Amino acid sequence: GTVIQAGQLGNVTLHGPSARATYRVGVGVHGWKVSFQQRYDQLQVNLGVPTTFVEPYGPGVRQEFDGGWVLCGLPDRRVVAVAESVWDALHAAGSAAVHWDPLSALGFPTMPIVGVDVTRVDLTGGGWGTGRLWRPDTTSEWDWCPNPDNFSREMIRNATRWTGGHPVPRLRVRTIASLNVANSTDWDIAPEQRRHFEEETLPFSALAGVLARLTDDVPGRQWRLGPNAYHPGQASYSWRIVGQNGECLIEAEVMASAPSRPGQEVLTCAELRLYDELLPTGRRLTLADVRDFLTAAWRTATVELLGLLSFPPGPWRWRELPRVEFRLSAEAEPPGQNRQSFVADLVDFSAFGPASDRQHRDMAVTIPAVPYLSDNERSSVTVQALVYLGRNYGYLDATPGRLDPHRP
């Protein structure tokens, strides 16, 4: 306030209100006082005294303390204590998210107390779904990745990229990855990188091995330049088998497109195109064939093609949720027939049992996943994703064991 001094009063000292005295544990957003106070009383660490009110923050609420800790909570979940260094690491990991603040994207920890010595923090409640913050050891940088089994049917933004052209295939089976990472790398592909990829990498890849098995072809068939590369940051290579009349029977193509301007995502894709109902060996494509192809195509899209593009090593700061989509599409109508073709006409789904609905021209599942997963994890998640796809498109009895007898 204002002091008016009249005469000789000596020294006058004004004591303003104490900032700390205004903050109490759990006080702020209504409804959190009891749960915050209980967690504060239960903890075996000294959080110190509050330096903020309980305030809305990210997907829930949080209160900060001067002992280097934060209490945070989500509706219908227990309050969690997080060391300030881990709290800061969460913000750094989500700092590039577009249209989200960092913790609204990544979520809050699920474990009751997150100390400075942990190497893994499971997360929930964020707009990007469940995930984890992790590091190899306490001296390494933190990295974030989503849980890949959080499947959905939400189409990625460029899911139909590279689907034009003629002739139109009867069936298209593809893996496409959308990876939008904060990065300043020069994406141009050097000519020697292209030659090595075309001559040494692709012909001996897992993808080439699957194609050879599907067609009884010789392994190591040469790949040639494909039609979907228009500038130095793009790549396209195709593989095909033609019939006696020169018509294409089966074709595969791998494609990659780096950002042409800041803010765009990296797109990579590997797909199979069938121009007949049967493989060149005279049989139908089975679910096991689809599983094997998609597993190998996923590796090509998120390992081999990213190596060609010199994709930056982690830890990554993602601008958008990294995702991989599996898509099966029935496109060209059967020759000489006035009817539509469906995926179930071209792929043998009998391993999943009867279907309540077989009339689907498109079947897809989206997987949130970072690049460079291990081959074992990629293989396991592919099986789970196909089961999710089956159940969501009428095959209600689909289980991993029906697709892979070695799984429960």
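## The largest pocket

Strand β18 (residues 362-368) gives the largest share of the lining of the largest pocket, three residues. Strands (E, at least two residues) and helices (H or I, at least four) are DSSP runs, numbered from the N terminus. The model is predicted: local features need pLDDT of at least 70 and side-chain atom pairs count only at pLDDT 80 or more, while totals for chains, interfaces and linings use all residues. Residues are numbered from 1 along each chain as its sequence is written, and side-chain values use heavy atoms, with hydrogens and water left out.

The largest pocket holds about 400 Å³ of space. Its lining has 20 residues, and the closest to the centre are Gly127, Trp128, Glu154, Leu321 and Arg323. On a 1 Å grid over the protein atoms alone, a pocket is an open set of points where a 1.4 Å probe fits, with protein on both sides within 12 Å along at least five of seven lines; lining residues have an atom within 4 Å of a point. Grid points are joined across faces, edges and corners, and the volume is the space filled by probe spheres set on the points. By class, the lining has eight nonpolar, seven polar and five charged residues. Ala, Val, Leu, Ile, Met, Phe, Trp, Tyr, Cys and Pro count as nonpolar, Asp, Glu, Lys and Arg as charged, and the others, Gly among them, as polar.

## Salt bridges

Side chains of opposite charge can pair when their charged atoms come close. The model has 21 salt bridges, each a side-chain nitrogen of Lys or Arg within 4 Å of a carboxyl oxygen of Asp or Glu. One of them joins Glu265 to Arg157, with the closest N and O atoms 3.2 Å apart. Glu265 is in the loop between β13 (248-257) and β14 (266-274), and Arg157 is in the loop between β9 (143-146) and β10 (171-179), 108 residues apart. Glu265 is buried at 9% relative accessibility, whereas Arg157 is exposed at 51%. Buried means under 20% relative accessible area, exposed over 50%, and partly exposed in between (1.4 Å probe, protein chains only).

Arg157 also forms a salt bridge with Glu320, at 3.0 Å between the closest N and O atoms. Glu320 lies in the loop between α6 (287-308) and β16 (323-330), so this pair ties together parts that are 163 residues apart in sequence. Glu320 is partly exposed, at 23%.

Glu277 and Arg170 meet in another salt bridge (3.4 Å, N to O). Glu277 is partly exposed at 30%, and Arg170 is buried at 5%. A network of salt bridges links Arg172, Arg174, Arg240, Glu251, Glu253, Glu271, Arg273 and Glu331.

## Two packed helices

Helix α4 (residues 191-201) packs with α6 at an angle of about 145 degrees, and their axes are 9 Å apart. The axes are lines fitted to C-alpha atoms over the stretch in contact, and angles run from 0 to 180 degrees between N-to-C directions. Gln193, Arg194, Phe197 and Thr201 of α4 meet Glu304, Leu305, Gly307 and Leu308 of α6, where contact means heavy atoms within 4.5 Å.

## Backbone details

Cis peptide bonds join His166 to Pro167 and Gly314 to Pro315, each with omega of about 0 degrees. Pro167 lies in the loop between β9 and β10.

Trp162 is in the loop between β9 and β10. Trp162 has a positive phi of about 70 degrees although it is not a glycine, and it is buried at 9%.
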